[in-house]
Amino acid sequence: MKKNERVLLQLRKRCLLLPETSEVGSWGHPNFRAGKRTFVTFEWIKGRPSIAFRLSPMDVQVHLRCKGFFATPYGQGKWVSVWVDRLLNWGLVGRLLERSYRTVALKRMIAMLANIKEGS
């Protein structure tokens, strides 16, 4: 299995553990949704695999200063992407994934997330 496939499998596993999430294919790549809103995508940009996160504009600006991150070419400054063809810090990816989820999830979904975390 190629590294990109392993990354997608790990991303899928983490995203689908969150309350009311689903995976849909659109624009030729997998998108992960919280309810009806996309919070993470796995896509190819300029021939390289990447993960895009939906964050606050302030969080986007912070991560644009970090190595490996770049401005997602859509989303009006509300998305930031990281290259995945390099060593990934899965702790950071997990934190960004949850932050992204919280950015788009409904209050009841966030409450369910809190209950899941308390139970673990």
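Which residues touch the most other members of the largest nonpolar core?

## Basis of the model

This is a predicted model, in which local features need pLDDT of at least 70 and side-chain atom pairs count only at pLDDT 80 or more, while totals for chains, interfaces and linings use all residues. Residues are numbered from 1 along each chain as its sequence is written, and side-chain values use heavy atoms, with hydrogens and water left out.

## The nonpolar core

Within the largest nonpolar core, which has 27 residues, those touching the most other members are Leu11, Phe39, Val40, Ile51, Phe53, Leu97 and Tyr101. Such a core is a set of buried Ala, Val, Leu, Ile, Met, Phe, Trp, Tyr and Cys residues joined through side-chain atoms within 4.5 Å, where buried means under 20% relative accessible area with a 1.4 Å probe, protein chains only. Helix H3 (90–104) is among the elements that give two or more residues to this core, and H3 provides its largest share, five residues.

Leaving aside neighbours within four places in sequence, Val40 is in contact (heavy atoms within 4.5 Å) with residues including Leu11, Ile51, Phe53, Trp79 and Leu97.

## The sheet

Six strands (DSSP E runs of at least two residues, numbered from the N terminus) form an open sheet in the order S1-S2-S3-S4-S6-S5, with antiparallel pairing; two strands pair if DSSP finds at least two bridges between them. Strands S1 (21–26) and S5 (69–71) stand at the edges with a single partner strand each, so one side of each is left without a neighbour in the sheet.

Strand S2 (residues 29–34) pairs with strand S3 (residues 37–45) over four bridges in the antiparallel sense, and Arg37 in S3 is the bridge partner of Ala34.

Methods
Buried < 20%, exposed > 50% of the residue type's maximum accessible area, 1.4 Å probe, protein only.
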